[in-house]
Amino acid sequence: MKANVLKSLSILCLFTFVNNSIAQNKPNIILLYADDISARELPIYGSTVWSLPKGGNLKGGDTSDKKYRAKTPVLNKLAKKGVYVKTAWAATICSPSRAMMMTGRYAHRHKWWHNSDKGKAPDRKGSWNLYDSSPYSLEVVAKKGGYATYWAGKTQMKTEGFKFDEGCFTPGEGSYNKAIHTTDFRLETKKVNGAKKILNADTGKEVSSYVQSGWYWKPHVQLLNHPRASKALEWWPNNKAAKDTFGLNTFGPDVELNFIFDFMERKQKEDKPFFIYHTSHLGHDAMDFLNPEEGNKWPGTPIVNWDGKKYSKIKPYVTGDNGVYNTHKTITEDGIHNHINYLDYQVWLYMKKLKEMGIENNTIFIFCADNGTSGYGKSSPVSQKGTHVPLIIYAPGLNMTKKGLQNVLVNMSDMLPTIADIANVKIPDSYEVNGESLLPFLTTEKPNHREWIYGYHKEKQIIRGNLVLKDGNNTWWDVSSNPKDLISFKKIKEWSLVSPEHRLERDKLNKVLPVFNLHESEYNAPKEGITIKDSLIIRQ
């Protein structure tokens with residue numbers, strides 16, 4: 001009864017939104033999902049260490065050198081005016097985290113255990129598509145709630161089965177790496193004297209990397225259902241004006257944002273709320289096609305500067321061809337800190353756009369990431385290195401009862417039921433959702449969100465409460481206090497030396513794990529697939 005009251009109160013709070021331009025019943029939602037960024041990389045989390053660039057003469061690793069510290073004045077402001085979560089978790093690597101985000105479910109249901117560890121479909125002819133394993137995905141829920149939906153950025157999965165209205169994709173690793181007519185920024189596999197080699201299509205030289213299409217400079221870009229495109233899925237640039245300006249100075253994240261803003265403007269004219277799922281590549285390592293001989297881990301971005309009130313940007317100017325380029329000092333050095341700086345700049349552009357459109361007070365903005373930083377936490381089952389990510393929620397028109405840092409536990413699976421609550425959509429009780437809506441915590445006096453959070457790494461399980469954490473190597477950690485580097489917790493070697501509360505929480509967590517521990521016994525999809533008996537409904 002109490003839970004139902006809290007949910008009713010949280011939904012009523014939605015109607016406190018005030019739109020300065022149009023009278024929408026539901027707030028717009030923007031979910032910016034960054035790539036491979038640990039919580040420690042954002043200054044707001046207060047870590048004493050962060051990641052060095054891995055390129056040039058630097059060997060990577062941890063640093064306290066402020067030269068490599070990201071600067072995020074806009075995200076800092078949004079975190080303090082809205083809320084940011086101390087301990088938010090994803091899975092340890094991209095694909096299962098994105099599966100968790102899009103479905104609100106863990107791998108025991110969707111079978112995406114790791115990037116290269118996915119259960120077979122019912123016919124055993126390929127891996128199980130998310131839209132088949134989990135038909136109530138993010139965009140399906142949002143569309144049922146009356147939202148126009150847009151997916152921009154990284155895909156890393158088949159897109160044709162999802163129900164997004166429109167999209168702007170920068171397909172890269174594992175999703176599309178065939179030659180296209182607009183760009184040769186691509187790494188491809190070829191046989192040389194009978195041996196497989198990875199070659200840079202721009203230079204013809206062998207490289208030590210992974211097969212990919214370029215998504216940063218001179219990017220591969222696809223448009224989905226764009227109203228001015230001739231096909232449902234079309235390569236961009238697809239008109240003379242775009243072709244005349246496309247080239248070495250074109251930065252993929254800029255292209256994505258331009259198309260997102262165009263979509264937002266069109267939907268506002270239609271008096272329709274929008275849901276933006278922006279899966280930015282920023283944060284992800286990649287081949288630096290502009291500096292192919294240097295081995296940079298995070299290619300540079302356009303240079304941006306913050307003057308205390310606003311950002312300015314230096315227009316990129318790049319010349320050259322065939323692997324020999326001159327950036328004329330208009331592009332930053334490599335480093336994840338520069339990627340995060342650019343994300344902050346893009347968030348500033350978002351806020352600026354929302355104000356110009358008169359809808360800042362009628363928009364919920366969520367910033368988070370899919371797993372830990374490459375070279376530090378990504379694909380690590382140790383402690384919470386791979387799972388600990390940032391989470392900021394800014395909603396000035398929402399009557400939130402919380403503000404600033406929240407010492408609660410949140411999982412990326414919580415985003416789907418949260419968006420369902422915002423959209424006023426009821427997911428059938430018979431359909432398993434592992435996430436829990438954040439809306440009751442954000443909008444009522446509810447003191448905590450959830451008792452435990454869960455992650456996974458292939459067959460390895462990771463779980464934590466407020467006092468103890470069990471990682472993928474079956475090591476237990478005391479997480480009752482927060483170390484300065486956010487990770488140096490004390491190992492629990494002797495349970496008699498910790499409190500009874502620690503032992504009680506350990507016992508509770510051990511009871512949870514068997515429910516999801518199905519990697520060995522139920523690795524593949526059930527041969528009969530799934531049957532949906534109930535459908536989504538709009539709450540009255």
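Author: Start with W50. Set aside its neighbours within four places in sequence, and W50 is in contact with R40, E41, G61, D62, T63, S64, D65, K66, Y68 and R69. Contact means heavy atoms within 4.5 Å. This is a predicted model, in which local features need pLDDT of at least 70, side-chain atom pairs count only at pLDDT 80 or more, and totals for chains, interfaces and linings use all residues. Residues are numbered from 1 along each chain as its sequence is written, and side-chain values use heavy atoms, with hydrogens and water left out.

Where does W50 lie? It lies in strand β2, residues 50–51. Strands (E, at least two residues) and helices (H or I, at least four) are DSSP runs, numbered from the N terminus. W50 has a relative accessible area of 6%, so W50 is buried. Buried means under 20% relative accessible area, exposed means over 50%, and partly exposed is in between (1.4 Å probe, protein chains only).

K66 is 16 residues from W50 in sequence, yet their C-alpha atoms are 9.3 Å apart in space. Now take D65. Its backbone oxygen lies 3.1 Å from a polar atom of the W50 side chain. A polar contact is a pair of N or O atoms within 3.5 Å; within protein, one must be able to donate a hydrogen and the other to accept it, and residues adjacent in sequence count only if both atoms are side-chain atoms.

T87 counts as buried because its relative accessibility is 4%. Beyond four places in sequence, T87 is in contact with Q384, H388, V408, L409, V410, I453 and R464.

Next, a helix. Which residues of α12 (500–516) are buried? They are H502, E505, R506, L509, V512, L513 and F516. They cover an arc of only 130° around the axis, so they are on the same side of α12. The arc is that of the directions from the helix axis to the C-beta atoms. P500, K511 and P514 are exposed on the other side of α12. What covers the buried residues includes helix α4 (107–110) and the strands β5 (112–114), β24 (453–457), β25 (460–464), β26 (468–470) and β27 (476–478).

Two helices can also pack together. Such a pair is described by the angle between the axes and the distance between them. Helix α2 (residues 73–81) and helix α9 (residues 336–357) pack at about 60°, with axes 7 Å apart. That makes α2 oblique to α9. Angles under 35 degrees count as roughly parallel, over 145 as roughly antiparallel, 65 to 115 as roughly perpendicular, and the rest as oblique. The axes are lines fitted to C-alpha atoms, for helices over the stretch in contact, and angles run from 0 to 180 degrees between N-to-C directions. P73, V74, L75 and L78 in α2 meet D344, V347, W348 and M351 in α9.

Now the strands. An open sheet of 3 strands runs β10-β9-β11, with antiparallel pairing. β10 (195–200) and β11 (212–213) each have a single partner strand, so they stand at the edges, and one side of each is left without a neighbour in the sheet. Two strands pair if DSSP finds at least two bridges between them. β9 (residues 186–192) and β11 pair over 2 bridges. There, R186 stands opposite S213 in β11.

Strand β12 (residues 221–224) has V221 and L223 pointing one way and Q222 and L224 the other, and all are buried. Strand β8 (residues 166–169) runs antiparallel to β12, joined by 3 bridges. The bridge partner of C168 in β12 is L223. Strand β13 (residues 233–236) is joined to β12 by 4 bridges and is also antiparallel to it. V221 stands opposite W236 in β13.

A cis peptide bond, with omega about 10°, joins W236 and P237. P237 lies in the loop between β13 and α7 (240–245).

Finish with two loop residues. K218 sits in the loop between β11 and β12. Its phi is near 45°, a positive value in a residue other than glycine. K218 counts as buried, at 17% relative accessibility. Q156 is in the loop between β7 (148–153) and β8. Q156 is not a glycine, yet its phi is positive, about 60°. Q156 counts as buried too, at 13% relative accessibility.
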